[in-house]
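Hi,

Here is the structure I promised to pass on.

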Amino acid sequence: MTIRAVVWDVDDTLFDYTTADREGMRAHLAAEGLLAGYATPEQAFGRWREITDRQWARFSAGEVSFDGQRRDRVRVFLGRELSDAEADAWFRRYIGHYEAAWALFPDVLPALDALATSHRHAVLSNSSLTVQEHKLRTLGLLDRFESVLCAAELGVSKPDPGAFLAACEALGLPPGQVAYVGDHPEIDGRGAAEAGLLSVWIDRGGAYPRDVDAVSAHRISTLAELPALVRSDTRFGAPSTFG
């Protein structure tokens, strides 16, 4: 079946979230006078990411709202009780530093340009529409996508098949005609494959140690590999792209 559309993850797929988060948090903690409490800035950032992952999992499971997970990240990181207003203010100050470090990966625009006339494009993210539309607009990408769908508004998160099927429905295409590109081998890779999409895992350096043989996705190391993959649609009987 011919692939007619590509649905994209955003963070650490199109947008270098990890670097922006690290540099933004480093600058924020320095401005807040909090770095002295850690042996190194990397230790502070590691703790922030651990807390972020844990709170994000609660949001994905429907246990807390999008704003609630943000507030809880701040409270747990600082180790003290804060009002919602105080937690929101702290997070807004962090966001200012974080946004100053925003950047696309260098392979993004060439890949989008290469597929601009041959494929339709949409976004599916486990974030919120307000956050991701602002991000895509700031990075100059928003107009490239027909639809932007996010978990906070959909009420369902990846890897639930319903999230991927909602993206297909927004495009008016069956899953077999849609490719999904994301950076997480389980949430994106396995989730898209189990929903019936052509699943493409962009592995940008082994951030997620997994048994690649257990993930039903085509693994690529750069988006430069994507155009040939979606044009040939190698899911049926062709050699695996796992390295």
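Let's start with helix α2: its buried residues pack against α1 (17-32), α3, α4 (84-100) and α7 (151-154). Before you read on, keep in mind that this is a predicted model.

Which residues of α2 are buried? They are Ala 44, Phe 45, Trp 48, Arg 49, Ile 51, Thr 52, Gln 55 and Phe 59. I also checked the length of the helix. With 20 residues at 1.5 Å a residue, α2 should span 28 Å, and its end C-alpha atoms are 28 Å apart, so the two agree. After α2 comes Gly 62, which has a positive phi, near 80°.

Now the aromatics. Searching the whole structure turned up 17 aromatic pairs. One of them is Trp 48 with Phe 77, an edge-to-face pair with 5.5 Å from centre to centre and 90° between the planes. This pair ties together distant parts of the chain, as Trp 48 belongs to helix α2 (residues 41-60) and Phe 77 to helix α3 (residues 66-78), 29 residues apart. Both Trp 48 and Phe 77 are buried. They also belong to one aromatic cluster, whose other members are Phe 15, Tyr 17, Tyr 38, Trp 90, Phe 91, Tyr 94, Tyr 98 and Trp 102.

Another ring to look at is Phe 105: the charged end of Arg 204 sits over it, 3.8 Å from the ring centre.

On to the strands, with β4 (residues 178-182) as the one to follow. Why call β4 largely enclosed by the rest of the structure? Because five of its five residues are buried. Val 178, Tyr 180 and Gly 182 point one way from the strand, while Ala 179 and Val 181 point the other way.

What does β4 pair with? Strand β1 (residues 5-8) runs parallel to β4 and is joined to it by four bridges, with Trp 8 standing opposite Val 181. Strand β5 (residues 198-202) also pairs with β4 in the parallel sense, again over four bridges, and here Leu 198 is the bridge partner of Ala 179. To get from β4 to β5, the chain passes through helix α9 (residues 185-194), making a right-handed β-α-β crossover.

Cheers

How values were computed
Residues are numbered from 1 along each chain as its sequence is written. This is a predicted model: local features need pLDDT of at least 70, side-chain atom pairs count only at pLDDT 80 or more; totals for chains, interfaces and linings use all residues. Side-chain values use heavy atoms; hydrogens and water are left out. Buried means under 20% relative accessible area, exposed over 50%, partly exposed in between (1.4 Å probe, protein chains only). Helices (H or I, at least four residues) and strands (E, at least two) are DSSP runs, numbered from the N terminus. Two strands pair if DSSP finds at least two bridges between them. A crossover is right-handed if, with the strands pointing away from the viewer, the path from the first strand over the helix to the second runs clockwise. Rings of Phe, Tyr and Trp (its six-membered ring) pair if their centres lie within 6.5 Å; planes under 30 degrees apart count as stacked, over 60 as edge-to-face and the rest as tilted. A charge sits over a ring if NZ of Lys or CZ of Arg is within 6 Å of the ring centre and within 35 degrees of the ring normal. The expected span of a helix is 1.5 Å times one less than its number of residues. Contact means heavy atoms within 4.5 Å.
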